[in-house]
Amino acid sequence: MQSTNPLDNELFSIYWRDAAGIQHREKYLQPLPECKEAFDRLTQGPAAIMGFIKSISIVDSLDRMVVDLNREGDKWVRSL
């Protein structure tokens, strides 16, 4: 059975910034299910808990921003 979710056919990239402001690429042009695990780890994993990850950006294959989150204290805040 074919999925009816249009996001299943889209590709995404995930980038994050550390405390020094250096950008890192976590995933590059991957389907949403593959990005979900990385997103969960970046927002809830050990590096996030220890405060190493300061922002996370998810962009689609056309370089349109989908989600942009910034760490404020112990919460992630959507900045767009």
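User: Before the fold, what counts as a helix or a strand here?
Analyst: Helices are DSSP runs of H or I with at least four residues, and strands are runs of E with at least two, numbered from the N terminus. The model is a predicted one.

User: OK, what order do the elements run in?
Analyst: From the N terminus on, the protein chain reads β-β-α-α-β-β-β. That is 2 helices and 5 strands.

User: What box do the C-alpha atoms fill?
Analyst: Roughly 40 × 20 × 20 Å, taken along the principal axes.

User: And how much of the chain is buried?
Analyst: Of its 80 residues, 30% count as buried. The accessible surface comes to about 5600 Å², and 54% of that belongs to carbon and sulfur atoms.

User: Switching to charges. How many salt bridges are there?
Analyst: The structure holds 3 salt bridges. One of them pairs Glu26 with Arg41, with the closest N and O atoms 2.7 Å apart. Glu26 sits in strand 2 (residues 23-31) and Arg41 in helix 1, so this pair ties together parts that are 15 residues apart in sequence.

User: Are those two buried or partly exposed?
Analyst: Glu26 is partly exposed at 25% relative accessible area. Arg41 is also partly exposed, at 39%.

User: Which residue does Lys36 bridge to?
Analyst: Lys36 forms a salt bridge with Asp40, the closest N and O atoms being 2.6 Å apart. The two are 4 residues apart in helix 1, which means about one helical turn separates them.

User: What about Arg64?
Analyst: Arg64 forms a salt bridge with Asp60, with 2.9 Å between the closest N and O atoms. Arg64 is partly exposed, with a relative accessible area of 46%, whereas Asp60 is buried at 6%.

User: How far apart are the mean positions of the positive and negative charges?
Analyst: They are 4 Å apart, for 10 positive and 12 negative charges.

User: Back to helix 1. Where does Thr43 lie, and is it buried or exposed?
Analyst: Thr43 lies in helix 1, which covers residues 32-44. Its relative accessibility is 11%, and the cut-off for buried is under 20%, so Thr43 counts as buried.

User: What is Thr43 in contact with?
Analyst: Leaving aside neighbours within four places in sequence, Thr43 is in contact with Ala48, Ile56, Leu69, Arg71 and Trp76.

User: Last one: which residues form the nonpolar patch on the surface?
Analyst: Leu11, Tyr28 and Leu29, with about 250 Å² of accessible area together. Leu11 lies in strand 1 (residues 11-18) and is partly exposed, at 34% relative accessibility.

Key:
Residues numbered from 1 in each chain as written. Predicted model: local features only at pLDDT ≥ 70, side-chain atom pairs only at ≥ 80, totals over all residues. Heavy atoms only, no water. Buried < 20%, exposed > 50% of the residue type's maximum accessible area, 1.4 Å probe, protein only. Areas by Shrake-Rupley, 256 points an atom, 1.4 Å probe, with all protein chains shown as cover. Lys, Arg positive; Asp, Glu negative; His and termini not counted. Charge placed at Lys NZ, Arg CZ, Asp CG, Glu CD. Contact = heavy atoms within 4.5 Å. Patch = residues over 30% accessible without salt bridge, like charges linked within 9 Å, V, L, I, M, F, W, Y side chains within 5 Å. Salt bridge = Lys/Arg side-chain N within 4 Å of Asp/Glu carboxyl O.
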